[in-house]
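Dear colleague,

My notes on what was found follow after it.

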Amino acid sequence: MQKRKVMAYSESKKILFGLMAGAAGITLGLIWYRKTQKCSKATYLPTFLNSEGSFDLVNFPHETHNEQGTMMLLQGRQLQVLEKMNGLMETVEELKREVKFLKEAIPKLEELVRDELQGRTDSRRSSPLHRGTKKRKTETGQVVSDTNSSEEAESEGGYITAHTDTEGESEEEKGWISSSTSPLEPEEKIELFNLLQNADRLHCGSDNEKMESFKLLLENEEKYRNHTGFLWRLARAYGDMFAITTEAEEKKNYASKGKLVSENAVNLDPSSAESHQWFAMMCGYMSQFESVQNKIRNGYLFKEHLDKAIELKPQDPLLYYLTGRWCYEVAQLSWIEKKVAAALFGTPPTSTIHEALQNFLKAEEIQPGYSKHNYVYLAKCYKDLGQRTNALKFCETASSILSVTKEDKEADEDLETLLPSLRL
């Protein structure tokens, strides 16, 4: 970025000297003109202030031939030259300020890195997420939830998810056996079973139904806060509310609380794929509102818990889609972002467009036609890899899918931007 600014500064100097030389040439030309042809005909092109306060030359069909017109023409052009010179000087001053800012910021990086590394050491000592957790034995008070599920969540800032149905899997594969630190009476088991079943049904419905599900789970949080199956569903409901609301502060609040709930679910039962999945997604949501270093930290947590979820639930296309999104975003990181990550964490996150492509293809392999947005990202990957034919093919496939969800409509917007560049 500094190199581009230096180049821009050099170019500005060239333009500035060129304009000054041009103005001098105009003046010399006028002197010669007046000496050789005292009665010469001049074109009268008056100048007028435009809406922005700068001068524009206006051509008229009827020309007035006199020396006064030539002088006004010259004055107008000189004002234009001066205006451009002033703009160039302002650009140079702005570049100077930015260079000064960078020079002041660089010495502070060492202190920032030291503080961050110290913070990481302290958090590792105290955070239960980074302690070795023994696998909990299954309590007699386990709860099996309903027999059908749909995972759908949308993120506007970083990790946009797709939706998938996992019908036909065993209850254990679905992660619906809820670990608990407090055994339940038979009647309580039935009550929790019905609650979770109802929450899943509402989650698959409209925005109003998702809001109803969120309210229902909140009302029972105190009672079932030690049950993993309840906690990850509550985190999912926070994700629904994050997607529904449009207020930035509300989004941040939902993401923050959802992250805490999902972290508790992971601590309660590290073998729950859904808990890892929703903790990862909440880290993705929170990245919109964090500082650069916290965004990078959340990115590491996102990938770490997504990998764990895939290990526990390897046949869920949603997880591969999310991993593909992470790989794609990391592959697009700027040089300065990678340097900051390396300074704060030792090793910056690394990935490639090819790795992103493999994850999107894996999601499609597990469930063909899985997601419209998955097709869009397949097209993006092929475009970045220079495979225009494959990119067009997946764009056309995505375009043929009827848009139903909010995420589908976002995919349509991406297609509108992507298609013209492929058809050139």
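What does the accessible surface of the protein come to, and how much of it belongs to carbon and sulfur atoms? The accessible surface comes to about 23600 Å², of which 53% belongs to carbon and sulfur atoms, with areas taken from the Shrake-Rupley method with a 1.4 Å probe.

Please keep in mind that this is a predicted model, in which local features need pLDDT of at least 70 and side-chain atom pairs count only at pLDDT 80 or more, while totals for chains, interfaces and linings use all residues. Residues are numbered from 1 along each chain as its sequence is written, and side-chain values use heavy atoms, with hydrogens and water left out.

The protein has 15 helices and six strands, which are DSSP runs numbered from the N terminus (helices H or I, at least four residues; strands E, at least two).

Helix α3 (residues 186-203) packs with helix α4 (residues 207-219) at an angle of about 155 degrees, their axes being 7 Å apart, where axes are lines fitted to C-alpha atoms, for helices over the stretch in contact, and angles run from 0 to 180 degrees between N-to-C directions. The two helices α3 and α4 are therefore roughly antiparallel to each other (angles over 145 degrees count as such). Contact, meaning heavy atoms within 4.5 Å, involves residues including Leu195 and Leu202 in α3 and Leu216 and Leu217 in α4.

Helix α6 (residues 228-244) and helix α8 (residues 273-286) pack at about 30 degrees, with axes 9 Å apart.

Definitions and conventions
Parallel < 35°, antiparallel > 145°, perpendicular 65-115°, else oblique.
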